[in-house]
Amino acid sequence: MYTDYIKQGMLEQHNVEVEFVSIGRWTEVDDMNTALAAGDAPDVCVTYSYPTIAKYAQMGGIVNLNDIDGKPLEEYKDILPNLWNLLSPTNNIYWDQNPETGDLWAIEATLAENARINTFIRKDWLDKLGLALPTTEEEFHDCLVAFRDNAETLLGADADKMVPYSTSYDIGWRNDLLFMAYVPDDAKDEDLYIHGFDDRHLLYPNYKEGVRVLNKWYNEGLVWKDFAEYAQDSSHEDDMMKAGFVGAFQHNWDYPYRGGDDSIQANLQRSAGDDAAYIAVDCFVNDAGVHRKFLAPPIDRKVFFPATNDEPLASLLYLDFISDPETIAFLQLGKEGESYNAVEGGFEKLATTGDWLQNSLNNIDYTITVNGLYLGDATAVTTALGYAPVASDLINVANAAAKADGRIVKVFNCGDIEAEQEYGTQLPTFRDTLLNKAVVASEEEFDAVYDQGMQDYLDNGGQAIIDERTAKMADIFGYTAE
Amino acid sequence: MNKGVIVPDGRRGTKSANFKSYMRRYGTLYLLLILPLVFFIIFRYAPMAYILSAFKQNNIFKAPWELPWAKNNGFEWFIKAFKDRTFHNALRNTLTLNLLDLACGFPAPILLALLLNELSFRRFKKITQTVLYMPHFLSWIIISGLALRLFAGNDGLINILYKRMTANPDASIPFMSKPNWWVATYVVLGIWKEAGWGTIIYLAALTNISPELYEAAAVDGAGRFKRIWHVTLPGLRPTIITLLIMNLGRILGSEFDRPLALSNKLVTDVSHVISIYVYQRGLQNSQFSLSTAVGLFQSVVGVIFLIAANSLAKRMGERGIM
């Protein structure tokens, strides 16, 4: 139904025929490599990885958007009104423009929802133990200790399954709020940019001290002991939350509420009673007394045209059509009465099957120029209602907490960083190894393990990227660190 | 001298007539061969042309023969790999894991086959064999899931029992989280999965040993172990040698799903093998030339080991495989 709408719309408005090519949701780089190498990649491609695009561009496999039929993108502005309305020229359209050559290999889609991470805690356990919602790291720690020490009260026969605080091997993402509370509030945008290529903030100043706290908690028996042994895609941790064994954790801002009837929250209520609930708390405060969260800049996925695209103009018109507010609203909501009902101030989505079923949340994989619900003033209400049967109050609390005191680090466009293309994809492995080992180390060994791991990280490309970014910042923006 | 063959009508044929009659008789067999040959040429030999990309500049948009040579006389990628510490680790881990697999995993099916062979209750033997084959059909992804439920440091079944037995809630064996323990788990799981399947070929060889030899040995007063030592094992020798040679040819080859599925971030120092290196660098980081170079290196070393083991076997009086 949704694809038909796009095909028909493009045919009627621009006389362009659209064909969809499906690829793996989490393996798009592998799949695109194959398609590009075979020369049969679709005319419009989307990926989350800019270094991948930069590498394709270097090999001559991508259309330069500033050289379509010899003209820069700016010349086509008038026929692309929706694209220019939706995207900001500086933040999205020309974000990736090379400051020296003017080449433009990709357009950045916008991120409509920039909430990232929240801390969740079992509200019903706090009530049972007579504890208030924690407002500082110390109070949060006290809650975890209370969970640990009262396992029998809280879990009865399952007391030995108690996990006061759970995390996964993805330490950087899953404890970000704890760690970010240790970053000095006066850290400069320039320095954070130079050290910000790791999307888990590993190289931010004073990060180690945050990890040290988690290491201490681990050694106090507050953290799930086996977290490092369960790999990606394991549902074991979710299952523990659903069964009601986990007291607190940090995760994506709406994580326990995702999936409606099958969400962690809905399952938790089934297994631990109607009172059971994870609630978002905002309790990590930095040196300036602020609940600092580093939010993502409003850029997200990257759209590019492979060199085999012989009608780039038609592809641009496609981007314009897909950015039309009317198109976006239809793709995200569907049809009134079938897939949503209008309510005061927004829309309530209905459970659907068949034609109206969306193959990704809010059809974000069709609305390639915007990621997240984009309905103007109706967005907030619609978001809160979008998690039924989870109560909308929980969603509102979580959404507000995730953005409170948010900081978006300014990004400096330094063009292509070669070391990033070379090492960018292998560094996360070194990061995860370092953080996992450091967390499970004994408190005495913590420094040695952390420093050794950091040395490996820097030796295997981390330092090279820092050096190149530092040099470019000096060249282009005249910035030198103190 | 033209030997010729006797053609059906009894006359000595000329060369072309010989060929014609030969084809008349066996032509259909050659016809049958065409399909597999085409398969091998298209899917096995033609792609080998892309080995060239190990010596060329990295570009997925062009065929390797259109590309300029890589730096350092085409050896840029090899030099790069050998300067890369990650590759050194991967090479070391591949060798360690494969040698351990060979030392522990190779004798396992032989012992198992000997044990099975000594079983006289046929029905029990058949059932045991079938049960032993089963793990071979499970993928490593499934096994890794099972392994975690059994071996996880805290809530794995074995550690739960261990805690109860020692009455110490903090007792735990780090099967999956300490490098040495992980290697042991890796090897043991490999034996568990493949030993049963490996017995098939030995059991087949055992059926070829003449029962008269056993009878003669028994008459000479040989007990059960003497018979195994002097009759069964010598009978298995050619099979053992053949399989050993083939195993040595894979000494630098590495499985992909096994280390990937069993690994976790605490043991990457010992679990990161060449195939994972190739996957990360080649597929995820689009450095196809580098990963082709590494793959080529692996194959060349494999062939050298294969030939060396083969000639060694021949020198020791065995038949070898080539």
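This is a predicted model: local features need pLDDT of at least 70, side-chain atom pairs count only at pLDDT 80 or more; totals for chains, interfaces and linings use all residues.
Residues are numbered from 1 along each chain as its sequence is written, and chains are lettered from A and ligands numbered from 1 in the order in which they are written. Local features need pLDDT of at least 70 and side-chain atom pairs count only at pLDDT 80 or more, while totals for chains, interfaces and linings use all residues; side-chain values use heavy atoms, with hydrogens and water left out.

**The interface of chain B and chain A**

In this model, 32 residues of chain B are in contact with 33 residues of chain A, contact meaning heavy atoms within 4.5 Å. The area buried between the two chains is about 3,000 Å², and carbon and sulfur atoms give 47% of it. Buried area here is the accessible area (1.4 Å probe) that two parts lose on being put together, summed over both. On the side of chain B, Phe61(B), Lys265(B) and Leu266(B) lose the most area to chain A, together 24% of what that side buries.

The rule finds four salt bridges across this interface. A salt bridge is a side-chain nitrogen of Lys or Arg within 4 Å of a carboxyl oxygen of Asp or Glu. Arg85(B) and Asp459(A) meet in a salt bridge through their side chains, at 3.9 Å from N to O.

Helices H3 (85-105), H6 (140-151), H12 (268-271) and H13 (274-284) of chain B are the elements that give two or more residues to the side touching chain A. Helices (H or I, at least four residues) and strands (E, at least two) are DSSP runs, numbered from the N terminus. H13(B) supplies the largest share of that side, five residues. By class, the residues of that side are ten nonpolar, 13 polar and nine charged. Ala, Val, Leu, Ile, Met, Phe, Trp, Tyr, Cys and Pro count as nonpolar, Asp, Glu, Lys and Arg as charged, and the others, Gly among them, as polar.

| Glu74(A) | Lys77(A) | 3.9 Å |

Asp189(A) in helix H11 (residues 189-194) and Arg407(A) in strand S12 (residues 406-408) link distant parts of chain A, 218 residues apart. Asp189(A) is partly exposed because its relative accessibility is 23%, whereas Arg407(A) is buried, with a relative accessible area of 14%. Buried means under 20% relative accessible area, exposed over 50%, and partly exposed in between (1.4 Å probe, protein chains only).

Asp127(A) and Lys123(A) are four residues apart in helix H6 (residues 123-128) of chain A, so about one helical turn separates them. Asp127(A) is partly exposed at 47% relative accessibility, and Lys123(A) is partly exposed at 29%. Glu74(A) counts as partly exposed at 41%, and Lys77(A) as partly exposed at 33%.

**A loop residue of chain B**

Arg250(B) is in the loop between helix H10 (224-248) and helix H11 (257-262) of chain B. At 52% relative accessibility, Arg250(B) counts as exposed.
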